[in-house]
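Here is a walk through one protein model, from the overall fold down to a few side chains. Have the viewer open as you read.

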Amino acid sequence: MRPVDGRRERWSSHRAARREEFVEAALRALARHGPELRVEQVAAEAGVSKPVLYRHFTDKAHLLAALHDRVAALLMERLEPALDPDDPPHVRIRTGVDAFLSLLEEHPNLYLLVSRTVPAGATNEGEGVRAGKELAAQALTHLFDDYLHAYGLDTRGAAPMAHSVVGMVHSTAEWWLEKRAMSRQEVVDHLSETVWDCLDGYLRRRGARLDPDTPTSPDDVLVARAEHTRTPD
């Protein structure tokens, strides 16, 4: 086994920490100057010169890629509580919707930047807003798949339903960000009810019902179906 190069590891950790400092500086520059980000603004926020900044990012596209990664990480961090099976469906839906809108409200210029730019590189299609939407849709697909399986329904409906929900939330959130015609909480209320109506209607049309106010995991559904099968009507 090759011995660990402690000096190299410390240098790598130092560079990673410095890159995070510059990403934080970029967030402050966006909040101060708007979504048209300039590298000199980031350098000024970080208190360094542009050449120092370019020791850690090869070019502006490299810095943009780090900001795209930051958006995806922030979104998934905020969406995680919505996956908690100990909360009832209404709470989980509302938590998920509010996660996205709160991100837009707190970082509107960051969102506008990543929605308008595509960083250079072979993986550019997997960055930023598109990556965040895909990650959210994947998480919902797994969740819906588990429930549809538990109810004995066709699980092929999980992916299109998940992408429909993500698209509806994304489109509504962008409308709200541009118009600000109502408060965030009002939009979250309306959107959460609409998402629930879609899910509830989908299940009811297939003979299944889910209580919006009772925590119910897929395992709970399987147990209830097994008990119903064993108990004569």
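## Ground rules

This is a predicted model, where local features need pLDDT of at least 70, side-chain atom pairs count only at pLDDT 80 or more, and totals for chains, interfaces and linings use all residues. Residues are numbered from 1 along each chain as its sequence is written, and side-chain values use heavy atoms, with hydrogens and water left out.

## The overall picture

The protein has 10 helices and 0 strands, where helices (H or I, at least four residues) and strands (E, at least two) are DSSP runs numbered from the N terminus. Along the sequence the pattern reads α-α-α-α-α-α-α-α-α-α. The C-alpha trace spans about 75 × 60 × 30 Å along its principal axes.

The radius of gyration is 22 Å, while a compact globule of 233 residues would come out near 17 Å; the radius is taken over C-alpha atoms, and the globule rule is 2.2 Å times the number of residues to the power 0.38. Buried residues account for 42% of the 233 (buried is under 20% relative accessible area, exposed over 50%, partly exposed in between, with a 1.4 Å probe and protein chains only). Of the contacts (heavy atoms within 4.5 Å) between residues at least 6 apart in sequence, 68% join residues at least 24 apart.

## Two ring pairs

The model has 2 aromatic pairs. The rule takes rings of Phe, Tyr and Trp (its six-membered ring) with centres within 6.5 Å, and calls planes under 30 degrees apart stacked, over 60 edge-to-face and the rest tilted. Phe 22 and Phe 57 have ring centres 6.5 Å apart and planes at 70 degrees, so they pair edge-to-face. Phe 22 sits in helix 1 (residues 6-33) and Phe 57 in the loop between helix 3 (50-53) and helix 4 (60-79), so this pair ties together parts 35 residues apart in sequence. Both Phe 22 and Phe 57 are buried.

Phe 100 and Tyr 111 are also edge-to-face, because their ring centres are 6.1 Å apart and their planes are at 80 degrees. This pair ties helix 5 (residues 89-106) to helix 6 (residues 108-116), parts 11 residues apart in sequence. Phe 100 is buried at 10% relative accessibility, and Tyr 111 is buried at 6%.

## Around Val 48

Val 48 is in the loop between helix 2 (39-46) and helix 3, and counts as partly exposed at 22% relative accessibility. Setting aside neighbours within four places in sequence, Val 48 contacts Arg 18, Phe 22, Ala 43 and Leu 53. From Val 48 to Phe 22 is 26 residues in sequence, but 9.6 Å in space, C-alpha to C-alpha.

## Arginines over rings

Here a charge sits over a ring if NZ of Lys or CZ of Arg is within 6 Å of the ring centre and within 35 degrees of the ring normal. Arg 206 lies over the face of Tyr 202, 3.6 Å from the ring centre. The charged end of Arg 180 sits over the ring of Trp 176, 4.5 Å from its centre.

Arg 180 itself is in the loop between helix 8 (158-179) and helix 9 (184-204), and is partly exposed at 40% relative accessibility. Its phi is near 50 degrees, a positive value in a residue other than glycine. Most residues other than glycine have a negative phi.

## A buried threonine

Thr 141, in helix 7 (residues 128-150), is buried with a relative accessible area of 18%. Beyond its neighbours within four places in sequence, Thr 141 touches Ala 158, Ala 159, Ala 162 and His 163.
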